[in-house]
Amino acid sequence: MSFLYLLIALIAVFGHSEDFLGTTLLSRPLILGPLVGLVLGDVTQGTIIGATLELIFIGNIKVGAAIPPDVITGGVLGTAFAIISGKGPAIALAIAIPVSILAEIVISGLFVFRPVFNKRFNQYAEEGNFKGIQRLHIFSGSLKPLLMGIIVFLALQLGATTMKSFLDLIPTWVQSGLQVAGNMLPALGFALLMNLMFNKTVAPYFFLGFMLASYLKLPVIAIGGFGLIIALLVTQKPQEKTIANEEDDFATETEELLADILAIKPRLSKKNIRSLFWRSMLLEANFNFETWQNTGFAYALIPVLRKLYLTKQAMAAALKRHLQFFNTSPYGSTLILGITAAMEEQNSRNEDLDEESINSVKLGLMGPLAGVFDSLFWGTFKVIAAGVGTSMAIKGNIIGPILFLFIFNLPHLLLRYQLTFIGYHTGTKFLQDLAKNNVMDRLTKGASILGLMVVGAMPATLMNINTPLKLGSDKSAVSLQAILDQMMPAMIPLGLTFLVYHFVRKNVKTTYLLIGLLALGFAGSIIHLFA
Amino acid sequence: MIKLTRIDDRLVHGQVAFTWTPSLGIDCILVANDKVVKDEFQKMTLNLAKPSGIKLLIKSVADAAVFLNDERSKALKILVLINNVKDAGTLVALVPEITSINLGGLRSKDGSKLISKAFAVNGDDIEIIRNLLEKGIELEVRQVPTDNKKFVKELI
């Protein structure tokens with residue numbers, strides 16, 4: 001058994017290594033669930049549990065330094081205990097929710113601790129010792145996977161037997177109560193997603209998605225396809241007006257400087273630029289609450305700096321420059337890396353260049369670009385990928401998790417790769433063109449239409465809540481559910497989602513909503529209102 | 001109407017565009033900053049980041065106060081963004097409507113210490129903060145709307 005526990009702990013290590021792997025969503029329950037299932041000899045069950053957990057945590061997103069519950073540790077342990085005890089998804093979530101909240105506290109602690117290394121990083125920079133910086137970045141980054149791996153292993157090794165006998169004590173009525181409660185929890189995830197995307201102007205698309213799913217029973221992937229077509233049609237025509245401030249002339253000192261830089265023949269090779277892309281995968285490895293992604297940025301840039309700065313002093317100055325605070329969306333980080341590489345190249349041959357301008361461009365871009373890329377990837381690609389993936393995985397279909405990764409990462413990696421070169425070759429001109437042609441406005445609008453249609457389909461396809469109530473006396477009794485279904489299929493899930501959304505809008509705390517839904521499901525199951 | 005006044009040194013970024021704006025039903029983001037108003041490059045990047053369908057205004061702190069005090073701005077649901085504690089002090093003195101300030105993010109600088117995960121203040125900042133607290137201004141730390149409010153009173 002210990003060997004199996006070790007393998008499961010390694011899955012948690014793998015999940016937490018996502019910070020080294022480009023934040024590619026390998027850590028989601030939808031992916032780790034089947035892996036745990038594989039180790040324990042029940043891939044189907046692992047896939048179903050993974051999908052159930054994914055739905056509950058679907059509204060948990062990582063924006064900026066706001067750390068959501070640690071679904072990796074919670075999910076892996078929940079899935080493992082549920083499969084070992086043979087109790088199914090309801091037990092998995094009963095374990096995963098509290099564990100992920102506890103694990104988040106541990107991780108936040110680590111992010112507070114990590115700045116301890118900053119002194120050492122600065123010392124390496126002072127010495128021009130880029131190898132030291134690379135080493136320490138990877139070492140500090142490894143702490144999270146290692147620490148959480150050990151916690152998972154110990155929890156399994158010490159707790160599995162006790163947990164199993166404890167779970168065996170749970171009576172059936174509690175289990176069926178948990179089951180119903182578990183089926184209700186996705187309403188919270190959907191409501192959190194709606195809170196990000198729902199507003200009056202795009203509301204019809206939500207209901208379009210819902211109706212396509214509830215009346216026409218279309219699969220989520222088809223609704224995603226329709227959503228894409230509609231989004232393209234709606235945003236096709238370029239709006240006449242340009243951005244709010246009318247002046248066409250963006251040229252400033254920084255701009256002119258960049259134009260000069262780009263006019264010169266590049267010295268960096270394609271390979272150098274490509275290395276920015278590969279190394280950007282480790283951007284978040286050493287995330288901390290003091291300087292955030294600074295060492296990740298420096299790590300990505302080091303091969304370029306090595307090519308450009310041949311003396312120790314020059315290298316030291318460049319390293320110090322890039323150990324300053326940095327934080328952006330990993331998905332768009334390569335654009336800033338590319339632009340920075342172009343500016344560093346210019347700096348390396350022009351003594352007069354104001355080095356501060358490199359950082360001011362970097363810092364000026366990181367916030368706005370995080371806004372753009374976070375909404376695009378978390379609000380659209382992740383939503384569609386999870387919608388399609390979970391709708392298949394919840395039936396035990398292993399294609400679900402694979403499609404999930406594919407739908408998210410195909411656009412992610414293609415764009416991330418291209419942006420490196422766009423940033424290096426065109427600098428901020430690319431961004432100006434985007435701003436002038438109002439591309440961003442159209443893109444975000446299209447993305448929200450597409451995302452919201454898929455969110456609308458979710459209550460209808462991914463929430464299984466019915467009522468067993470019957471109207472009338474024994475013989476002529478009519479099922480209430482049948483009547484509801486004739487009016488509008490999936491009426492209860494939709495109503496529940498809107499109820500939770502209403503409370504989310506009122507700023508009721510997520511934890512209270514979670515407990516409220518659990519209680520409602522539990523009570524509803526006992527009095528036979530819901531099943 | 002001012003829905004939120006936020007100190008955030010990254011101004012418009014993911015947390016603002018993607019969580020605060022929809023959650024408060026914002027229709028106008030006002031960046032009040034004397035430097036940004038003169039920097040076309042930063043204006044361009046901020047315009048890129050603005051959520052779709054939202055009006056973005058970039059004004060100097062003084063002009064921002066005039067705008068906020070104007071009756072015509074009352075019809076808008078405004079999110080005011082400033083990037084330092086000093087401007088918060090100035091704005092509060094000029095705009096009586098501001099009774100609460102959200103401390104979103106302020107990176108570490110020389111001589112500063114973190115009072116929460118993402119908010120670092122130095123001695124000057126603390127002085128202004130004390131001043132604001134004396135005036136009865138609510139100062140709460142939250143990165144995103146779903147965070148629990150932490151009150152600065154208990155943190156410094």
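The contact between the chains takes 41 residues from chain A and 38 residues from chain B, two residues being in contact if their C-beta atoms, placed from the backbone, lie within 7 Å. On the side of chain A that touches chain B, α9 (186–197), α12 (253–263), α17 (356–393), α19 (429–436) and α20 (439–462) each supply at least two residues; helices are DSSP runs (H or I, at least four residues), numbered from the N terminus. The most, 11 residues, comes from α17(A). By class, this side of chain A has 19 nonpolar, 17 polar and five charged residues, where Ala, Val, Leu, Ile, Met, Phe, Trp, Tyr, Cys and Pro count as nonpolar, Asp, Glu, Lys and Arg as charged, and the others, Gly among them, as polar.

The model is predicted: local features need pLDDT of at least 70, side-chain atom pairs count only at pLDDT 80 or more, and totals for chains, interfaces and linings use all residues. Residues are numbered from 1 along each chain as its sequence is written, and chains are lettered from A and ligands numbered from 1 in the order in which they are written.

Within chain A, the axes of α2 (residues 29–39) and α18 (residues 399–426) come within 9 Å and cross at roughly 145° (axes are lines fitted to C-alpha atoms, for helices over the stretch in contact, with angles from 0 to 180 degrees between N-to-C directions). L30(A), I31(A) and P34(A) of α2(A) and P401(A), F404(A) and L405(A) of α18(A) make this contact; six residues are nonpolar, with no polar and no charged ones.
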